[in-house]
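Thanks for making time for this. I would like to walk you through a few places in the structure, so please keep the sequence and the picture in view while I talk.

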Amino acid sequence: MAWLIVAALVLAVLTGLAGSAEVALLRTSADGGRDWPGGDAGMPRQVRSALGDAQRYLSMLALARAATAAGSAAAATGALVHWLGLNWRAFVVAAAVMTAVFFIVVGLWPTAVGRRYQRALVHATAMVLYPFARALGPLPGWLLVLGRLLTPGRRTTRMTGPDSEVELRGLVDLLEQRRVIEPGERRMIHSVFELGETIAREVMVPRTDMVVVERSKTLAQALSLALRSGFSRIPVSGENEDDIIGIAYLKDLVADSRDHPGEEAGKRVEQVMRPATFVPESKPVDDLLREMQARQIHLAIVIDEYGGTAGLVTIEDILEEIVGEITDEYDRELPAVAWLAPGRARVTARLPVTDLEELFGVRLDVEDVETVGGLLAHALGRVPIAGSVATVNGLTLTAESLAGRRNRISTVTVTGPGELGADDSHGQDRDGPADPAAGGFPGLHSGA
C-alpha cells in the first residue's frame with residue numbers, strides 16, 4: 001500500500017500548487033498583467049484568456065483544490081486502515097498526519113510560492129486549464145453560481161452597502177496577514193475607504209496659514225513674495241481676505257516679466273491672475289479630487305457656510321490623506337535649540353514660548369501664543385515668511401527657512417536684548433531682504 005502514501009503526498013502537493021496558482025492569478029489579474037514581458041503582444045493567448053475570465057479559472061482551481069485535498073485525505077486514510085486495521089486509531093492518525101501536511105502545503109505554501117513564482121504559475125495554470133475551460137463549457141460558471149446560492153446571505157449582499165465595505169476592509173487585513181500585500185499597501189487601501197468620509201474642512205490649509213497678495217500689488221511685489229514664501233500659486237484678495245478674487249501663478253508672473261521687461265513695477269497682479277475655484281467646506285474629499293482632476297486645477301478656495309474664506313485645499317493635501325506626509329530631500333530633523341553665538345540662537349518654530357523665556361531669561365507676557373512661530377506671527381500680524389523680522393520685549397525674531405508641504409517656517413533665529421544695538425524698539429516688525437524693485441511688502445496679508 002505504499003502507492004497510496006505516494007498518491008496522498010502527490011495530491012497534497014497539487015492542492016498546495018492549486019492554492020499558489022490562485023494567489024498568482026489573483027495578483028496578476030488585479031494589475032491586468034501590466035508587468036508581463038512584452039505586454040499583451042508578448043502574452044500567450046491562453047494567458048490572455050485566463051486574465052480575461054479570471055473568475056472562471058479561479059472556480060476551476062477551487063474545484064481542483066477541493067478534489068485533490070479530498071483524494072489526498074482518502075488515500076492516506078486507506079493506507080493507514082490497511083496497516084492499522086479498521087479501528088479508531090487509524091482514523092485519528094490519518095487526521096493528525098493530514099492536518100500537519102495540509103497546514104504546510106495549504107496554509108503556508110500558497111502565498112509564498114504564489115508571490116515568488118507568480119508569472120510562471122500563471123503561465124502554467126493557463127496552459128493546463130485552457131483545454132479544460134473549453135471542454136467543460138459553462139460548467140465552472142454553473143458551479144460558481146450554485147456555490148453563491150448555497151452561501152447564506154450571499155444573494156442579499158450588495159457591494160454598495162455598508163456591510164460590503166466592512167467585508168472588504170476585513171479582506172484587506174486578511175491579505176496582509178497572509179503576506180499577499182504589504183502593511184503599507186493595507187494602510188493605503190484603508191485610507192482610500194476613509195477618503196469618502198473626509199470633507200474639505202478636514203484637509204484644508206486654514207486661512208490663518210494662507211499667504212495672500214492684494215489685487216493692487218505690482219507684479220514685482222507678487223513675484224518677490226512668491227519667491228520668498230516658496231508658493232507657486234498665491235490667492236489674490238480684493239477688499240479683504242474674505243474676498244478672494246483670483247489666483248496668481250508664479251509661472252504667469254515670470255512669463256509676463258520676460259515678455260514685458262521693465263513693466264513689473266507698474267502692472268498690477270490682478271491683470272495676470274487666473275479665476276479662483278471655490279468649494280464648500282463640507283464637500284467630500286473624493287468628489288473634490290475627481291472635480292479637480294476633471295477641471296485640471298491644483299488649488300481651490302474653501303468657503304464656510306457664511307460665504308467667508310475658510311482656507312484653501314490642494315491636490316497634495318488630498319493625496320497625503322492616502323499616502324501620508326509628503327516630504328522632499330530638504331526635510332531633515334532639526335535640533336530644538338542651536339546656539340550660534342552668545343546671546344543668539346536658532347530654534348525650531350515649534351519651540352514652546354516658555355522654553356524661549358527660560359533660554360534668554362526674559363518675560364514675554366503674551367497671551368494665546370504657545371510656540372515661537374506663533375509668537376512671530378502674532379508680532380507681525382500676518383503669516384511669517386523667510387526673512388520676516390519682529391522684536392518682542394527685546395528679543396529679535398527672524399524667520400529663516402521654510403519646510404514641509406505647506407512651506408511653514410521651520411526655524412527662527414532669536415537674538416537676545418542688547419545684541420543688535422539701540423535702534424530696535426519694542427513691537428518693531430519688518431520684512432527681511434527683498435527685491436528693491438518690489439518696493440517692500442507693506443499691506444501684504446495672510447489670512448487672519
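This is a predicted model: local features need pLDDT of at least 70, side-chain atom pairs count only at pLDDT 80 or more; totals for chains, interfaces and linings use all residues.

Residues are numbered from 1 along each chain as its sequence is written, and side-chain values use heavy atoms, with hydrogens and water left out.

Staying with H4, its N-terminal end is capped by Asn 87, which places a side-chain oxygen 3.0 Å from the backbone nitrogen of Arg 89. Further along, at Trp 109 and shortly before the proline Pro 110, there is a kink of about 55°, the bend being the angle between axes fitted to the seven residues ending at a residue and the seven starting there.

Which residues of H4 are buried? Among them are Ala 90, Ala 94, Met 98, Val 101 and Val 105, where buried means under 20% relative accessible area, exposed over 50%, and partly exposed in between, with a 1.4 Å probe and protein chains only. Val 105 has a relative accessible area of 6%, and, leaving aside neighbours within four places in sequence, Val 105 is in contact with Ala 12, Gly 16 and Pro 110, contact meaning heavy atoms within 4.5 Å. Val 105 and Gly 19 are 86 residues apart in sequence, yet their C-alpha atoms are 8.8 Å apart in space.

Now to the charged residues. A salt bridge here is a side-chain nitrogen of Lys or Arg within 4 Å of a carboxyl oxygen of Asp or Glu, and a search of the whole structure finds 10 of them. Side chains of opposite charge can pair when their charged atoms come close.

One of these salt bridges joins Arg 258 to Asp 259, with the closest N and O atoms 3.2 Å apart; Arg 258 is exposed at 63% relative accessible area, whereas Asp 259 is partly exposed at 47%. Another links Lys 283 with Glu 291, at 3.1 Å between the closest N and O atoms, and here Lys 283 is buried at 18%, while Glu 291 is partly exposed at 22%.

In helix H12, residues 285-295, Asp 287 and Arg 290 are three residues apart, which means that about one helical turn separates them. Their salt bridge brings the closest N and O atoms to 2.4 Å. Through salt bridges that share partners, Lys 283, Glu 291 and Arg 295 are joined into one network.

Finally, let us look at strands S8, residues 337-341, and S9, residues 344-348, which run antiparallel and are joined by four bridges, where pairing requires that DSSP finds at least two bridges between two strands. Ala 341 has Arg 344 in S9 as its bridge partner, and the hairpin has two residues between the strands, with Gly 343 taking a positive phi near 80°.

Terms used: A polar contact is a pair of N or O atoms within 3.5 Å; within protein, one must be able to donate a hydrogen and the other to accept it, and residues adjacent in sequence count only if both atoms are side-chain atoms.
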